[in-house]
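Visitor: Please take a close look at a single part of this model, the contacts. Describe where they fall and what stands on each side of them.

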Amino acid sequence: MPFNMNRRGILRAGGGLLAAGLPLPAFAQGATPPKPDRIVVNASGGSMAQFLRIAYFADFEREHGIRVVDTSPVDFGKLRAMVNSGNPEWTVTEIGGQDGDRATEMNLLEPIDTSIVDLSKYPDVGRKSHIFVGSAYSTVLGFRSDVFKDGSHPKGWAEFWDVRRFPGARSLRNHPVDNLEFALLADGVPMDKLYPLDMDRAFRKLDEIRPHIAVWWSTGAQPAQMLVDKEVVLATGWNGRFFELAKKQAPVGSDFTQGSLKSSSWGIPRGTRHAYWGQKFLQTMTNPRLQAIYATELSYAGLHPDTVNYVAEELRPLLPTAPANLEKQFWLNTSWWTENGQKAQERWTRWMLQRG
Amino acid sequence: MQLSVQGIVRRFGPVAALGGVDLDVAEGEFLTILGPSGSGKTTLLKTIAGFEIPDEGTVLVGGEDVTLAPPRRRDVGMVFQNYALFPHMTVAQNIAFPLEMRRRPREEITRRVEEALRLVELQAFGQRLPRQLSGGQQQRVALARAVVFGPRLLLLDEPFGALDRKLRESLQLEVRRLQRNLRLTTIFITHDQEEALIMSDRIAVMDKGRIEQVGFPGDLYARPATRFVADFLGESNLLEGTAKGGGAELPGFGRVPLPSTQPDGPVTLLLRPEALRLGEEVEALPCRARGTVIDTVFLGLSAKLRLRLEGGPVVLARIPLRPSAPPPPAEGDSVTVGFSAEDVHVVPRT
Amino acid sequence: MSSPGHNREVIARRRERGLLLLAVPALLLLGAIFAWPVLRLLSMSVEGGTLAHFEKAALDGLYVSVLLDSMKIALMVMGICLVLAYPVALWLSRAGRVGLALGMFALLLPFWTSVLVRTYAWLVLLGRNGVINRTLRDWGWIEAPLPLLHNTAGVLIGMVHVLLPYMVLPIYASLLRIDPDLPRAAEGLGAPAWRSFLRITLPLSLPGVSAGCALVFVLSLGFFITPALLGGGHVVMVSMLIEQQVREFLDWPFAAALSTLLLLATLAIYALIGRLTRGARLATQ
């Protein structure tokens, strides 16, 4: 049977490569491995899964005739356990927060095969050896547009800190990530000189704003909700949440000035059976037309520079990757956080406990 | 009257648990309310104690109207069926409870608790918890607790129900002795007629929410006012006949002379089993019948025989046994039974 | 040689063994889902044969003070639950059939909603512009909004709401076990209702109170979603720190050390509650 022949051939080819000790991807020699009837893509779930299907899964299924089964949630521990067991169930998985670097370091991922996944047009932040950047999002400044009318809202963190010019209750995330950066920016550190973060200075600056923080938020839904309820008039939050409110015409605006950009990470668990089709799936995700569909729904735009052009004009200013917005923001340095996160968190908790 | 209950009615929905009860109890008297379960005796006791408020009627304790007074204002000591000792307090604390509630001085409480313990012979058990005592001891603690504060009335709700026969008998006597010594007006509830006969000055027999008869034990036994009392109290032969001209025609016995006041018509006659005689002495008696022994139960000092009389009715006879006498007739023996006219009681028809 | 007494003993022992056999599935399950993970946790906390994690957890004032704060919150929740739950339990124990059904329904309602929904409902009610503050302002009772949310008060309200049934049900059960003749006897012996309650009903319900307190206290210590959302970051529970160590930093040994400390502290409080109500439990057995 041709199918069997083919498989044996591949196995032999793979064995040969291993014997030669060449660090080449298994399919580099051009033979197309057989199509499975389905691949498993693990992501965050919820409404995000729904839009992933509309934007990417549907297209992939149409093009290759392979069903995409989605699972959730994103779980780093499970990824590690799967890879260590040698038989990962996921073909492709989203990787949360700052875990992308760690997954690479711990050798949990297949390298990105750039002969399949075309990253030639991608900016530097989008070209990583083992991580595919699915989209970018940003922590930005949200405000009540009926309190701060006609562009009179604070722009940048120095103004957020200025409680005399911009009075009212504020909310920050109950977490050191972003907040240390924002504090340093408020204290006058330029965006390109942030790292390594000067923690002493950051916490000193945070002391100033603390009395004005009514709520330290802990879930992404909170800042948007609190602005809607007028619990606070200024809050940091993920741009996607403010994007939703803007589409619903809520009196809440957001400003990208000095926003903290982050990328969502995707990877192929090392040793997964249909790694080749995983690469193919990531290639589908590079399509700017599809990225635009996803961005129109959630504002989380992919990094392909053409994506913005496929998005309706009135929505473009709300995308963190719009060229005008990109200029105003900085990329969060995940490797600094991977290294210093626990220490920073401990200090953060200690600082939160100081009554004052 | 230490206690006077007048026209008490208590309804639970459509059911009248008490249907107009009148009862007077004299100071120092030991009155037993006797009745089958469901006769309303516990409801009556609860009404006297204040746990039930009657729909109609009045309760007077020591001449004072307490119909609507809460239990704590009635000065009534009560011993519950299951004693209701406070399980988390020692025996002494249980007994001290009513005194503490009355805010007696500490020394007085100590002294009276000791007296009460001595009274029920539990001096050594003051520091025990109730569950460390036997059933009889618990019962005595409950009694001590109910009398320690000098109540105007002592209520006992079937307090011996859970005890074995021997213990029960000794406690019956003990309670009676205690009651006499303290001259405590006492209402005692039981469904055990033997117990009622042993303990009471007077007995009130209850049935279906009404008092059928109140009287001295001997009177009740010899001259029951109703068929129910006759049947409930002791063993009885209730013979139906027809009265005519100062006598009644009884099946088997023939004509029995009756008091001349008895009007003509159907009558019920009560004949206690011990009033029936057997053997030679029967010849001298005016009322005689022949019959066959159905069975014989040997009871030690006496024997109980069931007899089928010629002419139909079955009667119960109880005959004394003497060690020297011949054994009682056995099953299937033919015998002649008789009674004297003065042993017959006419049960009034209601 | 077998005497009758010996035979009886053998039979009794055999019956006991039979009953034990019936309990085996439950014991195995408990062992698998409870004892084994706890042992794993303990062993993880001393991974590599070092007590360094404990040293850090115990000597760093940060974790000790969070632990103490958490216990303070748990004790407050326990106290408020007790004060609120007792009258409810008392009422339920004396309610008729309809009252009991309605009461139980209302009481168990929070169990049928997810933690998140429940918590967001409180956000809507307690916020600066929430239902309560708006109503009070409309009625002119207050001028500035009451600080009900994003502070300790908010956390307490949210936690008490969820945990109240755990206090009510054991107390209700122990009240039902009290012979109704006991308070009746107390009244007959001269006690007004309130003294009968204090001297008889209350002490006899202490086993339920103790069980309820232990349950609520232990469960409180494990809460982290409700305090995080309703506390506005101003309330830190040790469970939040443990969760952070596990999820964010993958520092399982340190999380295990913190958990072990929490476990020890919990057991200590548990023993204390048991000791305080021991007499009552013995007496009512």
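This is a predicted model: local features need pLDDT of at least 70, side-chain atom pairs count only at pLDDT 80 or more; totals for chains, interfaces and linings use all residues.

Guide: Two residues are in contact here if their C-beta atoms, placed from the backbone, lie within 7 Å.

The contact between chain A and chain C can be taken residue by residue. Chain A contributes 17 residues to this contact, and chain C contributes 16 residues. On the side of chain A that touches chain C, two elements give two or more residues each: β6 (213–217) and α13 (334–353) of chain A. Of the elements on that side, α13(A) gives the most, with eight residues. By class, the side of chain A that touches chain C holds five nonpolar, seven polar and five charged residues.

Chain A itself comes next. Its secondary structure consists of 13 helices and nine strands. The radius of gyration of chain A is 22 Å, close to the 21 Å that the globule rule gives for 356 residues, so chain A is as compact as a globular protein of that length. The C-alpha trace of chain A spans about 80 × 40 × 30 Å along its principal axes. Of the 356 residues in chain A, 44% are buried. Taking contacts in chain A between residues at least 6 apart in sequence, 70% join residues at least 24 apart.

One residue of chain A gives a local view. P34(A) sits in the loop between α1 (2–20) and β1 (38–42) of chain A. Is P34(A) buried or exposed? P34(A) has 12 C-beta neighbours inside 10 Å, so P34(A) counts as exposed. From P34(A) to S152(A) the distance is 59 Å, C-alpha to C-alpha, and the two residues are 118 positions apart in sequence.

Along the principal axes, the C-alpha trace of chain C spans about 85 × 65 × 30 Å. Buried residues account for 36% of the 285 residues in chain C. Of the contacts in chain C with a separation of 6 or more, 75% are between residues 24 or more positions apart.

There are contacts within chain C to consider as well. The domain assignment divides chain C into domain 1 (1–45) and domain 2 (51–284). The centres of these two domains, taken over C-alpha atoms, are separated by 33 Å. Where the domains of chain C meet, domain 1 gives four residues and domain 2 gives eight residues. The side of domain 1 of chain C that touches domain 2 of chain C has three nonpolar residues, one polar residue and no charged residues.

Chain B also has a domain assignment, with domain 1 at 3–231 and domain 2 at 235–347. Between the centres of domain 1 and domain 2 of chain B there are 39 Å, taken over C-alpha atoms. The contact between these domains of chain B takes seven residues from domain 1 and six residues from domain 2. Helix α8 (residues 227–232) of chain B supplies three residues, the largest share of the side of domain 1 that touches domain 2. That side of domain 1 of chain B divides into three nonpolar, one polar and three charged residues.

For residues 3–233 of chain B, an unreviewed UniProt entry lists "domain: ABC transporter". Over residues 3–233 of chain B the chain is 36% helix and 26% strand, with the end C-alpha atoms 25 Å apart.

Strand β9 (residues 202–207) and strand β10 (residues 210–215) of chain B pair in the antiparallel sense over five bridges. D207(B) has R210(B), in β10(B), as its bridge partner. The hairpin of β9(B) and β10(B) has two residues between the strands, and K208(B) takes a positive phi near 50° there.

How values were computed
Residues are numbered from 1 along each chain as its sequence is written. Chains are lettered from A and ligands numbered from 1 in the order in which they are written. Domain bounds come from an automatic or database domain assignment. Helices (H or I, at least four residues) and strands (E, at least two) are DSSP runs, numbered from the N terminus. Ala, Val, Leu, Ile, Met, Phe, Trp, Tyr, Cys and Pro count as nonpolar, Asp, Glu, Lys and Arg as charged, and the others, Gly among them, as polar. UniProt positions are given in the numbering used here, feature names are shortened, and annotations may be inferred rather than shown by experiment. The radius of gyration is taken over C-alpha atoms; the globule rule is 2.2 Å times the number of residues to the power 0.38. A residue is buried if 20 or more other C-beta atoms lie within 10 Å of its own, exposed if 12 or fewer, and partly exposed in between; C-beta atoms are placed from the backbone. Two strands pair if DSSP finds at least two bridges between them.
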